[in-house]
Amino acid sequence: MQTISILGATGSIGQSTLDVVNRHPDLYRVFGLTCHSQVELLIEQARLCQPHYLVVTDPNKLALASDLAKQAGLTAQVLDANSGLKLITQADDVSVVMAAIVGAAGLLPTLYAVQAGKKVLLANKESLVMSGELFMSEVNKHRATLLPIDSEHNAIFQCLPADYQYANPKQSGISKILLTGSGGPFLNEPIDTLINKSPDQACAHPNWQMGRKISVDSATMMNKGLEFIEACWLFGLQPENIEIVLHPQSVIHSMVQYKDGSVIAQLGNPDMRTPIAHALAYPERIDAGVAPLDFSQLTDFSFCKPDFNRYPNLRLAINAVSAGQYASTALNAANEVAVDAFLRGRIAFTQIADINRSVLEHTASEALNSIEDVINFDQRVRKQTQQHLTKVA
Ligand code: NAD
Ligand code: MG
């Protein structure tokens, strides 16, 4: 029996995680759940899985959550971020933590789980992008087990040899990691129409149902850029080890190419319950509730290279890896602010990349030697991005 806490339980990944966990009451028990403000959904989830703790990170929603929990007759304690996040990620009883808060807000809670040496299922790619080497050294120092939930990284993990040596792909006979991406909803739209795309159009991903921030990132392909950086840290890769391949059907979730010409791919229907179930049960396999692939229906399988004119964010992210940690951290911060402004209707779709580029151009290189440095730097870049926004919007 494994006991799990889910950070960001009310989100798309959180809900899929609970779906898998609730299918296996003999294998998993829920210890704690968190949400920011969707407390009604959190209480509904708690009725089903009866956790010990509910953590509500939006202080304005805490009282409502306590009332609703009482009305529902729940035994769970309702806590705020300060008293709850460390408790539910570090308690002795907890063996697994799903890190599925969106954005930089996920960094500290994910690190709490890492620092307690837990099995950490990493959906929150932003935390790794922000703090790369510092994050990985905490994983090593505290002997945490880090398993990727991002479908591409989970696929790569499944396609690597069992004895893969971190930062040494050549040693394992690997010639390239092929990171696949769908290209998002605007893959075939004329580039000059992108400026007029609305938040709802950007969030209408053809293959995946996801939260709004990552959906916009998929439309700009900043998501693939963040994943490029994430892959570098997770597997110890250099930019030249990774090639991005567009595959609009999202059935191949990524591949590893070996020097003898073999390519090993992981395939499946685009449903996050597969990587979640894989990481939860690793190294065993459990039912995820996902329909098996029907090969008679897979008539149309295509691949192409990404066009950097269509996806300027992708180029920014790839360049950020070589520029150093400050550039990845700055890009992530600027992008979170710009995407939020786009979702609120303050800027046009194409201005997300313009703002990201302009913030990067105005940010000087600096050393980030601690998580505190990362958080302070992130905050500064956010302020700077707000100033750029006021000029643009
Ligand atoms: P979502 O928007 O659906 O859910 C986000 C969750 O984070 C919610 O539970 C919300 O309450 C919580 N949250 C939001 N702001 C918060 C704050 N300030 N403090 C604390 N909690 C906060 O997002 P999602 O699509 O589930 O994505 C979650 C993470 O997983 C992201 O980092 C995303 O990149 C990653 N991811 C998602 C998918 C997917 O298919 N959805 C795939 C791969 C990776
Ligand atoms: Mg992904």
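Is Glu-152 buried or exposed? Glu-152 counts as buried because its relative accessibility is 8%, where buried means under 20% relative accessible area, exposed over 50% and partly exposed in between, using a 1.4 Å probe and protein chains only. A quick note before the views: this is a predicted model, where local features need pLDDT of at least 70 and side-chain atom pairs count only at pLDDT 80 or more, while totals for chains, interfaces and linings use all residues. Residues are numbered from 1 along each chain as its sequence is written, chains are lettered from A and ligands numbered from 1 in the order in which they are written, and side-chain values use heavy atoms, with hydrogens and water left out.

**View 1. The magnesium ion (ligand 2) and the residues that hold it.** Asp-150 (OD), Glu-152 (OE) and Glu-227 (OE) coordinate the ion at 2.1 Å. Donors here are N, O and S atoms within 2.8 Å of the metal (3.2 Å for Na, K and Ca), and since water is not among the atoms, sites may look incomplete. Along the chain, the donors of this ion follow the spacing D-x1-E-x74-E.

**View 2. A closer look at Asp-150, in the loop between β7 and α7 (151-159).** Helices (H or I, at least four residues) and strands (E, at least two) are DSSP runs, numbered from the N terminus. Asp-150 counts as buried because its relative accessibility is 8%. Its side chain makes a polar contact with the side chain of Lys-125, at 2.8 Å. For a polar contact, a pair of N or O atoms must lie within 3.5 Å; within protein, one must be able to donate a hydrogen and the other to accept it, and residues adjacent in sequence count only if both atoms are side-chain atoms. Leaving aside residues up to four places away in sequence, Asp-150 touches Leu-122, Lys-125, Glu-227, Glu-230 and Met-272, with contact meaning heavy atoms within 4.5 Å.

**View 3. An open sheet of seven strands.** The pairing is parallel, and the strands come in the order β4-β3-β2-β1-β5-β6-β7; two strands pair if DSSP finds at least two bridges between them. At the edges sit β4 (77-80) and β7 (145-148), each pairing on one side only. On average, neighbouring strands are turned by 20° against each other, direction ignored. Axes are lines fitted to C-alpha atoms, for helices over the stretch in contact, and angles run from 0 to 180 degrees between N-to-C directions.

**View 4. The β3 and β4 end of the sheet, with helix α3.** Strand β3 (residues 53-56) runs parallel to β4, and four bridges join the two. Val-56 stands opposite Asp-80 in β4. Helix α3 (residues 62-71) packs on the sheet and touches both β3 and β4, its direction making about 175° with that of β4.

**View 5. Helix α9 (residues 212-220), mostly covered.** Seven of its nine residues are buried, among them Lys-213, Val-216 and Asp-217. The cover over these buried residues includes α6 (125-141), α10 (222-235) and α13 (325-343). Just after α9, Met-221 takes a positive phi of about 65°.

**View 6. Two glycines from the "binding site" annotation in UniProt (unreviewed entry), Gly-11 and Gly-211.** UniProt positions are given in the numbering used here, feature names are shortened, and annotations may be inferred rather than shown by experiment. Gly-11 lies in the loop between β1 (2-7) and α1 (12-22), and counts as partly exposed at 25% relative accessibility. Gly-211 sits in the loop between α8 and α9, and counts as partly exposed at 31%.
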